[in-house]
Amino acid sequence: MANRLAQTTSPYLLQHADNPVDWWPWSPEAFEEARKRDVPVLLSVGYASCHWCHVMAHESFEDETVAAYLNAHFVPVKVDREERPDVDAVYMEAVQAATGHGGWPMTVFLTADAEPFYFGTYFPPEARHGSPSFQQVLEGVVAAWTDRREEVAEVAGRIVADLAGRSLVHGGDGVPGEQETAQALLGLTREYDEQHGGFGGAPKFPPSMAVEFLLRHYARTGSEGALQMAADTCSAMARGGIYDQLGGGFARYSVDREWVVPHFEKMLYDNALLCRVYAHLWRTTGSDEARRIALETADFMVRELRTAEGGFASALDADSEDAGGRHVEGAFYVWTPAQLREVLGEDDAAFAAAYFGVTEAGTFEEGASVLRLTGDAGPVAAARVADVRARLLAARAERPRPGRDDKVVAAWNGLAIAALAETGAYFDRPDLVERATEAADLLVRVHLGEVARLTRTSKDGRAGDNAGVLEDYGDVAEGFLALAAVTGEGAWLEFAGFLLDIVLEQFTGEGGQLYDTAHDAEQLIRRPQDPTDSATPSGWTAAAGALLSYAAYTGSEAHRTAAEGALGVVKALGPRVPRFVGWGLAVAEALLDGPREVAVAGPVGGELHRTALLGRAPGAVVAAGEGPGAGAEFPLLVDRPPVGGEPTAYVCRHFVCDAPTTDAADLAVKLGGR
């Protein structure tokens, strides 16, 4: 019998709809039920492509005995962290404070007032490695609830008080300047892995936002060290197992320092951010490898993640069926020498094994290898590589595919829109700009809909029930602004302004600090507020970037003041933890550079417009259009006529304008960044 999750739109919740556990979605009714029955709430948080979430579900939530005990003694509540990042953030903060680490699945026990008192992540079915079994945990919580209720209440009260005391009163004192960005660069240099690229040790995550900062810092200051770290990191990832050498696109992270073995799930947000990073790296250096990776990653997103409605799905699972019918991680992607021989024959298999680093011992599990570019094959013919790659890709297409999480998350689609719009514009791929426009149309039609507030998710063209959070507003505005720059359609600037006005009204506190949820959102035990970037830009830094760009487009003092207020936190955090505020530092570079305002009185897609888009000046905004109506689309084009009937570019920053130019080479120099 299906439980209450059968009525939801979340693919993750629907995976649990047939569990014998009597799950509730997060709702006031669930907590009312706990109060009525005088039992604790078991909160289980995960997401659809999370490997250990599947493992715990199979071991425990599909077990009739465990389910019966759970149903008798708890109100079980299931949350998709991608649908409710606010719920996830609040309780993850508590888990990390209590245990020193966090992750998913997240398992938290709450009172009927939603106050947490016991925490964990994955619990095994039998006790092992010093970890109790899930059944032992449940029995221990029930015993404490029954016999030591005062202690439970005291612990819960203390945790809530501790969380409440963590609010960031303001964003810091003033905006980040030369000193803070220089210190941040020094901090990144200390953590840089010179041998393998990237920052820190294993597991190693793609540092897309830190690389954006490094590229902008190089453009503004000429720091060769910044460019070297960015370029070498991108090259190491492109050649590693974290990148799908056959189908394009990046896996979530590498389990080792060398980028050899990935955690195989592929997330929309990683690929959107990295597609844009490689496009920007190409813009900076002209690297053929960067161009190839940007385009292959864009094509991967369109081919593998695009939904029927024109949006982009959240993720592909890490797991799929292997040849023996077992559901295992990486099965779709890895190869043995024997499998290469079967597809390619002896000669080409030997070549492919050398080229892609496939060994008899294997680099992954059970003698299989993750494909990567080792350089061991020596000089190679491009045609032979292309032929081998095409044959392997065709053979791989016959394997059982990883599952796809089809929900459309507003924020991540905003990131994809920005990446596809710019990549399409740089490499003369109008089809990619069209895909970006279609995704933007879906966000306006379904996620904004009738309510004129952003909805976090949709599935199959139907809006979900959860309100957008700050990152949705910031990233969608960012995507719309990139689309406006590329297409010359001022409607996208208007939509971005509409979203950013809501940020000013609903997400901004006194002193410039930002909150992840709106003033009128559901009240949790603490109002979430995290300015640090993790796998994606934080809502805080995403909003700061979009506010700054919008101010440059429109001259709005209110939006620039809000951006500067939000950047105070980057002044405080940038020098100390640069890896975790990379996008904030990238926005700081834009602020330090102006950002420059470029108005092209000329055709969209013409030489001057394209030159403007390819300018490296950090965070420069571009408006293009011609004719008497252009100024109505973009304020930057008002009173900016063509000179002598020729398309003309106007470049301003810090309230000072250069002489207008009709020469693309001259414009390129003006937008070089230095």
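Analyst: The structure, a predicted model, holds 28 aromatic pairs. Rings of Phe, Tyr and Trp (its six-membered ring) pair if their centres lie within 6.5 Å; planes under 30 degrees apart count as stacked, over 60 as edge-to-face and the rest as tilted. One of the pairs joins Phe74 and Phe109, with 5.6 Å centre to centre and 50° between the planes, and is tilted. This pair links distant parts of the chain, 35 residues apart: Phe74 is in the loop between helix H4 (64-73) and S3, and Phe109 is in strand S4 (residues 106-110). Helices (H or I, at least four residues) and strands (E, at least two) are DSSP runs, numbered from the N terminus.

Phe74 counts as buried because its relative accessibility is 0%; Phe109 counts as buried because its relative accessibility is 0%. Buried means under 20% relative accessible area, exposed over 50%, partly exposed in between (1.4 Å probe, protein chains only).

Trp23, Phe61, Phe123 and Phe134 form one aromatic cluster.

Charges come next. A charge sits over a ring if NZ of Lys or CZ of Arg is within 6 Å of the ring centre and within 35 degrees of the ring normal. Arg81 has its charged end over the ring of Tyr47, 5.6 Å from the centre. Over the face of Tyr515 lies Arg527, at 4.0 Å from the ring centre.

Residues are numbered from 1 along each chain as its sequence is written, and side-chain values use heavy atoms, with hydrogens and water left out. As the model is predicted, local features need pLDDT of at least 70 and side-chain atom pairs count only at pLDDT 80 or more, while totals for chains, interfaces and linings use all residues.
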